[in-house]
Every structure is written in C-alpha cells, then in structure tokens.
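Subject: Structure handover

Hello,

Here is the structure we talked about handing over. My notes follow below it.

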Amino acid sequence: MNTQLIIDYLSSLCMNNNRDWYHANKDDYKRANAEFEKLLQTLILEIGKFDNSILHNNPKDLTFKIVRDTRFSRDKSPYNPAFRAHISSKGKLPVPVGYYLMIKPGNHSFLGGGLFADMFKDATAMIRDYIFQHGEEWENIIHEPDFEKYFTVQGTVLKNVPAGYEKEHPQASYLKFKSWYLEYPLKDEEVKDVESFLEKAVELFQIMKPFNDYLNRALADFQMPTR
C-alpha cells in the first residue's frame, strides 16, 4: 500500500481541480484509488478481528465518488480532492453506523465513527430516546479513559432541549444533538507512514466500537427512506 501516492495524487487534484486535468490524468486516479482500496481491504481484515460484522464487505462498495454535486453550491469546482469510505455491516450506508475514513491532503484527513447524517429525523428520534432511557450506559462509554483521550462527541446541536424531553435530564446536553459522531484528525505525514497509520486506525476504531454499538442498538429498527 502506497499512501504517499494517494496524498500526491489528491494534492495535484487540489491544485488542478478541473475536468481537463482530471481526464488527462485518469490513470493516476486509477492507481491512487487502487491503493486506497488495498488500504480498505487491510482495514476490513484488521477491524474484523474485533467486529466480524464488516468482514463481508468489498472495498469497492465502501467508497464515495470524488465528483461533486455543484448544483446548489457556490463552489463550482467539480471534484472533492478526498478519498472517503464508510465501513459498516451494511457497507457505506449511514445506518448502521460504522468506521469512517477520509484521506484529504492539507492535514484534513480523519478517522471517524457514529452518525454523521442529521437529515434522518427517525434516526435522530431513536437515538435521543435511547440516550433518554439508557443515560448511565451512555456516560460510561463516553467517559471511558481511552475514549476521552482521543474523542469528544460532536454533531449538529439545537439551542434547547427538544419538546418531549425533560430539560433537567442528566443527559440533556446530548438530547439537543441531531447527530452524534467522532473525529480524530490526521496530519499528512501520519497518513504517509502506512504502518503507523494502520496501527493507529485499528486502535482508534476498536476504542470507538462501544460508541458505535450503542448507537446501532438505538437504531435497530431504523429503515432507510426509499426514494
């Protein structure tokens, strides 16, 4: 696996974010993408040692396109210079939650987990209800020493506790959330050192697993909306 090649390609794409350059360098994209898929395959096997629900995944099915939808964006650059993937028991779907990886040059890479999407109202309601009913378990997970060493729960947050929940509830601050996720930032140099990167990624994904498991218990009956 050559993560240096991945960073180099994406850095070049950052500086040449146009269709002519992209198509002229399509072979470079294919080589970089192949390295990213090799990285994902290794991660699947390593994560599978503590979470076998993800072992059936094919790396090709876990990645996201680099082509941007610019219809409603002021930024009209056609490509997102990042390689992204979500590894869960149902692939790259946002639910069930799993293990997220983004490699983006300029020290914008990160390892993540939890629910990033806040547009699924049913999912938000399910997690709020679960935290409301299982607050002590939630606190034990997010205050576990290794978890606190690396993570702080992030997400879209309302100004007030939503209607239907007690304002004085011990987990009231988390009931305000619409999404609950984790991010661990990575510098480019950390990504380029593939052995060290893999070791850190596997370590952190294992630490975040109880957090993911908690959210997935809350989301057990969630159904993805049909188009």
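Before the rest, two remarks on provenance. The model is predicted, with local features requiring pLDDT of at least 70 and side-chain atom pairs counted only at pLDDT 80 or more, while totals for chains, interfaces and linings use all residues. Residues are numbered from 1 along each chain as its sequence is written, and side-chain values use heavy atoms, with hydrogens and water left out.

The sheet

Helices (H or I, at least four residues) and strands (E, at least two) are DSSP runs, numbered from the N terminus. Two strands pair if DSSP finds at least two bridges between them. On that basis there is an open sheet of 4 strands, in the order 1-2-3-4 and with antiparallel pairing. Strand 1 and strand 4 (180-186) are at the edges with a single partner strand each, so one side of each has no neighbour in the sheet. On average, neighbouring strands of this sheet are turned by 15 degrees against each other, direction ignored. Axes here are lines fitted to C-alpha atoms (for helices, over the stretch in contact), and angles run from 0 to 180 degrees between N-to-C directions.

Helix 3 (residues 26-47) packs on the sheet and touches strand 1 and strand 2, its direction making about 25 degrees with that of strand 1. Contact means heavy atoms within 4.5 Å.

Strand 1 (residues 83-87) is joined to strand 2 by 5 bridges in the antiparallel sense. Ala85 has Leu101 as its bridge partner in strand 2, and Ile87 has Tyr99. Strand 2 and strand 3 (residues 109-115) also run antiparallel, with 4 bridges. Their hairpin has 5 residues between the strands, and Gly106 takes a positive phi near 90 degrees there.

How enclosed is strand 2? All 5 of the 5 residues of strand 2 (residues 99-103) are buried, so the rest of the structure largely encloses it. Buried means under 20% relative accessible area, exposed over 50%, and partly exposed in between (1.4 Å probe, protein chains only). Both faces are covered, with Tyr99, Leu101 and Ile103 on one side and Tyr100 and Met102 on the other.

Two loop residues

Ser88 lies in the loop between strand 1 and strand 2. Its relative accessibility is 1%, so Ser88 counts as buried. Leaving out residues up to four places away in sequence, Ser88 touches Ile54, His56, Asn57, Leu93, Pro96, Val97 and Gly98.

His143 sits in the loop between helix 5 (135-142) and helix 6 (145-150). With 39% relative accessibility, His143 counts as partly exposed. The side chains of His143 and Glu148 are joined by a polar contact of 2.7 Å. A polar contact is a pair of N or O atoms within 3.5 Å; within protein, one must be able to donate a hydrogen and the other to accept it, and residues adjacent in sequence count only if both atoms are side-chain atoms.

Helix 4 and helix 5

The axes of helix 4 (residues 121-133) and helix 5 come within 5 Å and cross at roughly 95 degrees. That makes helix 4 roughly perpendicular to helix 5 (angles under 35 degrees count as roughly parallel, over 145 as roughly antiparallel, 65 to 115 as roughly perpendicular and the rest as oblique). Tyr130, Ile131, Phe132 and Gln133 of helix 4 meet Gly135, Glu137 and Trp138 of helix 5.

Regards
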